Amino acid sequence: MRGTRRKQEGRWAWRLTGFVTVCVYIFMFAPIVATVILSFNASMFGGFPMTGFSLQWYGKLMANEAVLAAFRTSLWIALVTAIVTTAIGVTTAFALVRFDFRGKQALSTLVILPALVPETILGVGLLVLIKAVDQPRTMLLLVLGHILLAVPYVVLIAQARMIGIRRVYEEAALSLGASRFSSFREITLPLLIPAVVGGALLAFTISFDNTSASLFWRPAGVETMPTQILSMLKISISPEINALGTVMILVTVGIPLIGGLILQSLTKLRRRGEPKEETQ
Amino acid sequence: MKRRWTLYDPRLAWMLVAPVLLLLIFFLVLPIAVMGAYTFFTFVTAGVETSALTTANWHEFLTDSYYHGFLLKTLRVGAMTALLCGVLGYFPAYFIWATTFKHKWLLLLLLIVPFWISFTIRTFSWINILGEQGVINVALLKMGIIHEPLQMLYNEGAVILGMLHFLLPYMILNVYVSLESIDRTLISAARSMGCTSAQAFREVTLPLSLPGLAAGLLLCFVLAAGSYVTPQLLGSGRDALFGNLIYDTIMGELNWPMGATLSIVLFVVLGFFAAVYTRYMGMSQIVKGLGG
C-alpha cells in the first residue's frame with residue numbers, strides 16, 4: 001500500500017516536471033514561430049489573422065538599402081570580432097592554464113567582468129573616456145568594444161578545453177627540440193580546435209547581435225543590424241520586420257549549426273588517428 | 001627544476017596575456033575610473049560640462065526621490081525576473097538531467113538555439129503574441145471569450161515576460177551544469193536507505209544543486225536590472241528601468257556628469273550583490289554557468 005502511494009507521489013511530481021518543461025519549451029519558441037509565420041502574411045499590417053501567403057515582404061527587404069547596408073556593416077564587424085577575439089582569447093586561456101604568474105587570479109576575474117557588467121555601463125564608460133580625451137566615435141572603437149564583450153566567453157570556452165589537454169604532449173615536443181611556437185602550433189592548437197571554432201562562432205553571434213552597447217558606441221550615421229531593427233520598430237511592427245527577423249534567425253541559427261556539424265566531423269576524424277585523448 | 005622555469009616562463013605568460021590586458025585596461029578599467037571622476041564634474045548645459053569639482057550630482061541623486069524610485073523599481077523588477085527564472089528554470093533543468101530520453105543533447109541544443117537568435121528579434125517577437133493583433137487576442141476574440149482585445153503589451157508584465165524569455169536559458173543551463181556534477185550514486189544510496197523519491201530530492205539533489213541555482217539567480221538579476229532594450233520595446237514610458245534612465249540622461253539630455261553618476265550607482269549596487277554572492281559561493285560557479 002505505502003509502496004504504491006510513494007510511487008504514485010513520485011509519478012505525479014515527475015509528470016509535473018515534464019509538463020512545466022514542455023510549457024517552457026513552448027514559451028521559448030512560440031514568439032519565434034509566430035514571427036516566422038507572420039513574415040509570409042500578405043496583409044499590410046503585421047498581425048493575425050493571416051490574409052494570405054505572400055513573399056512580397058522579402059522582396060521589399062531585398063530592396064531596402066538601409067537594411068542591406070546595416071547587414072553588411074554588422075557582418076564585417078562580427079567577422080573581425082570573431083577572428084581577433086578568438087586569437088587573443090585562446091592565447092589568454094593558454095597562459096592562464098599553463099603558466100603560473102603573479103596576478104593570475106586577479107586577471108582571470110577581470111577577464112570575466114565584461115560579461116557581468118551591464119552593457120549600459122560599459123557603453124557609457126567608454127563614451128565618457130573618449131569624451132574626456134576629446135576623440136570621436138569611430139568604427140575601430142565599435143569593433144574593439146565588441147571584442148571586449150566577446151572575450152570572456154572565448155576565454156572560458158578555451159580554458160575549459162585547455163584543462164583537458166595534458167601538458168606532457170607539449171613537453172614531449174619541446175624535449176624533442178621543437179620551439180615553443182611550433183609545439184603550440186603542432187600539438188596544442190589542433191587539440192584546441194573545437195574550442196577555437198566554438199569560441200569564434202560565439203564571438204561572431206555576440207557581435208552580430210549586440211544592441212545596447214552598439215547604441216552608445218556606433219559612429220554617427222552608422223547602423224548595425226540590431227540598431228537598424230530598433231529604429232524600424234520605432235515606427236511600427238510591419239510584416240517587413242517579421243521578414244527581417246526570419247532572415248536573421250536563419251543566419252544566426254544556420255551558421256552555428258553548420259559550424260557545429262563541421263566541428264563534429266573534424267573531431268571524429270581526429271579520434272580515428274589518436275586513440276587516447278584525455279578530456280576533462 | 002631549472003628546465004621547468006624556462007618552459008613555463010612567467011615573462012612569456014605576460015606577453016601572451018598582453019593584448020587582453022591592454023583591452024581590459026583601456027576599455028573596462030579606465031572608462032569606469034574616468035566615469036567615477038566625471039561624477040564630480042559640473043554640468044553647465046546640454047553637452048557642456050566643466051571639470052570644476054562639485055558634489056552636486058551626488059547631492060541630486062541622494063536627495064531626489066525620482067532617482068530612488070527608479071532604483072527601487074529596477075531592483076524589484078530584477079528580483080522578480082530572477083525568482084521567476086529560478087522557479088520556471090529548475091523544472092526543465094531537472095527534467096533534462098533526470099530523463100532517460102536518449103537524445104538529451106537535442107533538448108540542450110534547443111535551449112542554446114535561442115541564444116543565437118538576435119535578442120532584439122526575440123524581444124519584438126513578443127508583440128506578435130501579446131499585441132492587439134497577436135496570437136492570444138485573435139484566438140480569444142475568435143472563440144468569443146472576449147469582445148475587446150486585451151491590453152497585454154506596454155506594461156511591467158510584458159517587460160518581465162520579455163526578460164524571462166531572454167534569461168531562462170541562462171538559468172536552465174546553470175542549474176543543469178550543477179545537477180550534472182552530482183554523484184548519482186548518492187541518490188541511489190538515499191533511496192536504498194528508505195527515502196521516498198521526494199525525500200531523496202529534498203535531502204540530496206536540491207541542496208547539491210543550490211550553487212547552480214544561486215549562480216543563475218545572480219546572473220539573471222544582474223542582467224535584468226541592467227537591461228535597456230526590453231523595457232524600451234515591451235514597456236510603456238512608466239516601465240523604464242535604470243538603464244533607460246542612464247541612456248536618456250546621456251543621449252537625450254546630454255547631461256554627462258549625471259549620466260556618469262547614475263552609471264556608477266548601478267555599477268556599485270549590482271557589484272554589491274555580486275560581491276555578496278562571491279563572498280559565500282565563490283566565482284567558479286558563475287564561470288561554469290557562462291562557459292557551459
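Apart from its neighbours within four places in sequence, B:Asn255 is in contact (heavy atoms within 4.5 Å) with B:Phe43, B:Thr249 and B:Ile250. The model is predicted: local features need pLDDT of at least 70 and side-chain atom pairs count only at pLDDT 80 or more, whereas totals for chains, interfaces and linings use all residues. Residues are numbered from 1 along each chain as its sequence is written, chains are lettered from A and ligands numbered from 1 in the order in which they are written, and side-chain values use heavy atoms, with hydrogens and water left out.

B:Asn255 lies in the loop of chain B between α13 (242-252) and α14 (256-281); helices (H or I, at least four residues) and strands (E, at least two) are DSSP runs numbered from the N terminus. With a relative accessible area of 9%, B:Asn255 is buried. Here, buried means under 20% relative accessible area, exposed means over 50%, and partly exposed lies in between, as computed with a 1.4 Å probe on protein chains only. B:Leu254 occupies the loop between α13 and α14 of chain B, and its relative accessible area of 33% makes it partly exposed. Although B:Leu254 is not a glycine, it has a positive phi of about 55°.

Helix α13 of chain B contains B:Met251, a partly exposed residue with a relative accessible area of 27%. Leaving aside neighbours within four places in sequence, B:Met251 is in contact with A:Leu127, A:Arg137, A:Leu215 and A:Phe216. B:Met251 and B:Gly131 are 120 residues apart along the chain, and their C-alpha atoms are separated by 29 Å.

The interface between the two chains was then examined as a whole. In chain A, 93 residues are in contact with 95 residues of chain B. The size of an interface is often given as the accessible area lost when the parts come together. Chains A and B bury about 8200 Å² between them, 80% of it on carbon and sulfur atoms; this buried area is the accessible area (1.4 Å probe) that two parts lose on being put together, summed over both. Between chain A and chain B the count is one salt bridge, a term for a side-chain nitrogen of Lys or Arg within 4 Å of a carboxyl oxygen of Asp or Glu. That salt bridge joins the side chains of A:Lys131 and B:Glu49, at 3.6 Å from N to O. Nine residue pairs, both residues at pLDDT 80 or more, are in polar contact between chain A and chain B. A polar contact is a pair of N or O atoms within 3.5 Å; within protein, one must be able to donate a hydrogen and the other to accept it, and residues adjacent in sequence count only if both atoms are side-chain atoms. Helix α1 (residues 2-38) of chain A supplies the largest share of the side of chain A that touches chain B, with 20 residues. By class, this side of chain A has 60 nonpolar, 20 polar and 13 charged residues, where Ala, Val, Leu, Ile, Met, Phe, Trp, Tyr, Cys and Pro count as nonpolar, Asp, Glu, Lys and Arg as charged, and the others, Gly among them, as polar.

Over all chains, the whole structure holds eight salt bridges. Among them is the pair A:Arg72 and A:Glu65, whose closest N and O atoms are 3.3 Å apart. A:Arg72 is partly exposed at a relative accessible area of 44%, and A:Glu65 is partly exposed at 48%. A:Arg218 forms a salt bridge with A:Glu223, with the closest N and O atoms 3.1 Å apart; A:Glu223 is partly exposed at 26% relative accessibility. In chain B, B:Glu180 and B:Arg184 form a salt bridge with a closest N and O separation of 3.7 Å. B:Glu180 has a relative accessible area of 39% and is partly exposed, and B:Arg184 is partly exposed at 40%.

Helix α8 (residues 135-142) of chain B has B:Asn137, B:Val138 and B:Leu140 as its buried residues. These residues lie on the same side of α8(B), because they cover an arc of only 165° around the axis, the arc being that of the directions from the helix axis to the C-beta atoms. The cover over the buried residues of α8(B) includes α7 (127-130) of chain B. After α8(B) comes B:Gly144, with a positive phi near 75°.

In chain A, A:Asp134 has a positive phi near 60° in a residue other than glycine. A:Asp134 is placed in the loop between α5 (119-132) and α6 (139-163) of chain A, and is exposed at 67% relative accessibility.
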